[in-house]
Amino acid sequence: MAETKDKATTPQPATNFDLEKSMHKAEDFFIKNKNVITIALLAVVVGVGGFFAYNHFVKQPNENKAQEMIFHAQNYFAVDSFKLALNGDGNNYGFLQVVNKYGGTKAGNLAKYSAGVCYIRLGEYQKGIDMLNSFSSDDLLLQPTALGLIGDAYMELNKTSEGIEAYKKAGHYNDNELTSPVYLFRAGMALEKAGKPAEAISIYKEIKEKFPLTNEGREMDKYLARLGDVKN
């Protein structure tokens, strides 16, 4: 009797997970939804395969073609033959053809920068601005240089406010002693031209504090004194 009582009073363990029943449910789910599941799996396979196929058969060949096209334009650019670099010589492509045909490649992106420089050197400032605005790079020197060139072009067009903003973007893009003090100084000079000496003083102080060992940094006391900032 005691043994019977113990069995009656002892809590019974929870029902075990029914693996076979669960598998049947999974099978039923697959059967009912196999078309959707198959399409989803195919989409993943095609997506991954398409990515590698695109890189192998489209992207890399386009990159190679763009690099071949840009070669002669770069040679003309190196010797300041900007018209030929921009438009080609009739036998070889210029930067514009590379941009139009392979603008999405790395070489095509670099062609946008070079074409923008060509336009500016040829005095076609707005075209230079537009082309340089289409250029984008993670390079910590090339990108601020492009922004600084946009500032130069705006100043040539007597668009001082736009020039100041471009110079500030260039100067603040990446704090380094090669580009930052140069373009911040140009921003300060442009602010003086715009009749904003207080803002120019702020920029000059920033140059002095951040980049004291650069050519611009060593000159800032002179510019601050000229603007009457005796507490520099």
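Me: An axis here is a line fitted to C-alpha atoms, for helices over the stretch in contact, and angles run from 0 to 180 degrees between N-to-C directions. At roughly what angle do the axes of H7 and H9 cross?

Reply: This is a predicted model. In the model the axes of H7 and H9 cross at roughly 20 degrees and come within 11 Å. An angle under 35 degrees counts as roughly parallel, so H7 is roughly parallel to H9.

Me: Which residues of H7 and H9 meet?

Reply: From H7 there are Pro144, Thr145, Gly148, Asp152 and Met155, and they meet Tyr183, Arg186, Ala190 and Lys193 of H9. By class, four residues of this contact are nonpolar, two are polar and three are charged. The crossing of H7 and H9 is left-handed.

Me: Why are H7 and H8 called roughly antiparallel?

Reply: H7 and H8 pack at an angle of about 165 degrees, and their axes are 8 Å apart. Angles over 145 degrees count as roughly antiparallel, and therefore H7 and H8 are given that name. Where H7 passes H8, the crossing is left-handed.

Me: Which residues of H8 does H7 meet?

Reply: Among the residues of H8 in this contact are Thr160, Glu162, Gly163 and Tyr173. On the H7 side they include Gln143, Pro144, Leu147 and Met155. The classes of the H7 and H8 contact are nine nonpolar, five polar and three charged residues.

Me: Why are H8 and H9 roughly antiparallel?

Reply: Their axes cross at roughly 155 degrees and come within 8 Å. With the limit for roughly antiparallel set at over 145 degrees, H8 and H9 therefore qualify. The crossing of H8 past H9 is left-handed.

Me: Which residues of H8 meet H9?

Reply: Thr160, Ile164, Tyr167, Lys168, Ala170, Gly171 and His172 do so, and their partners in H9 include Ser180, Tyr183, Leu184 and Lys193. The contact of H8 with H9 has eight nonpolar, four polar and three charged residues by class.

Me: Why is threonine 160 called buried?

Reply: The relative accessible area of threonine 160 is 16%. Buried means under 20%, so threonine 160 counts as buried. Threonine 160 is found in helix H8. Leaving aside neighbours within four places in sequence, threonine 160 is in contact with Met155, Ala190, Lys193 and Ala194.

Me: What makes asparagine 176 a buried residue?

Reply: Asparagine 176 has a relative accessible area of 14%. The limit is under 20%, so asparagine 176 is buried. Asparagine 176 is found in the loop between helix H8 (160–173) and helix H9 (180–193).

Me: What does asparagine 176 touch, not counting residues up to four places away in sequence?

Reply: Asparagine 176 touches Leu140, Leu141, Pro181 and Phe211 on that count.

Me: What separates the C-alpha atoms of cysteine 118 and phenylalanine 82?

Reply: Those C-alpha atoms are 5.2 Å apart, although the two residues are 36 residues apart along the chain. Phe82 is also one of the residues that cysteine 118 touches, along with Phe77, Ala85, Leu86 and Phe95, not counting residues up to four places away in sequence.

Me: Which residues of helix H6 are buried, and what do they pack against?

Reply: In H6 (residues 125–133) the buried residues are Gly128, Ile129, Met131 and Leu132. They pack against helix H4 (95–102), helix H5 (106–121) and helix H7 (142–156).

Me: How many helices and strands does the chain have?

Reply: The chain has eleven helices and zero strands. Of its 232 residues, 34% count as buried. Among contacts in the chain with a separation of 6 or more, 47% are accounted for by residues 24 or more positions apart.

Terms used. Residues are numbered from 1 along each chain as its sequence is written. This is a predicted model: local features need pLDDT of at least 70, side-chain atom pairs count only at pLDDT 80 or more; totals for chains, interfaces and linings use all residues. Side-chain values use heavy atoms; hydrogens and water are left out. Helices (H or I, at least four residues) and strands (E, at least two) are DSSP runs, numbered from the N terminus. Buried means under 20% relative accessible area, exposed over 50%, partly exposed in between (1.4 Å probe, protein chains only). Contact means heavy atoms within 4.5 Å. Angles under 35 degrees count as roughly parallel, over 145 as roughly antiparallel, 65 to 115 as roughly perpendicular and the rest as oblique. A crossing is left-handed if the near helix is turned anticlockwise from the far one by less than a right angle, and right-handed if clockwise. Ala, Val, Leu, Ile, Met, Phe, Trp, Tyr, Cys and Pro count as nonpolar, Asp, Glu, Lys and Arg as charged, and the others, Gly among them, as polar.
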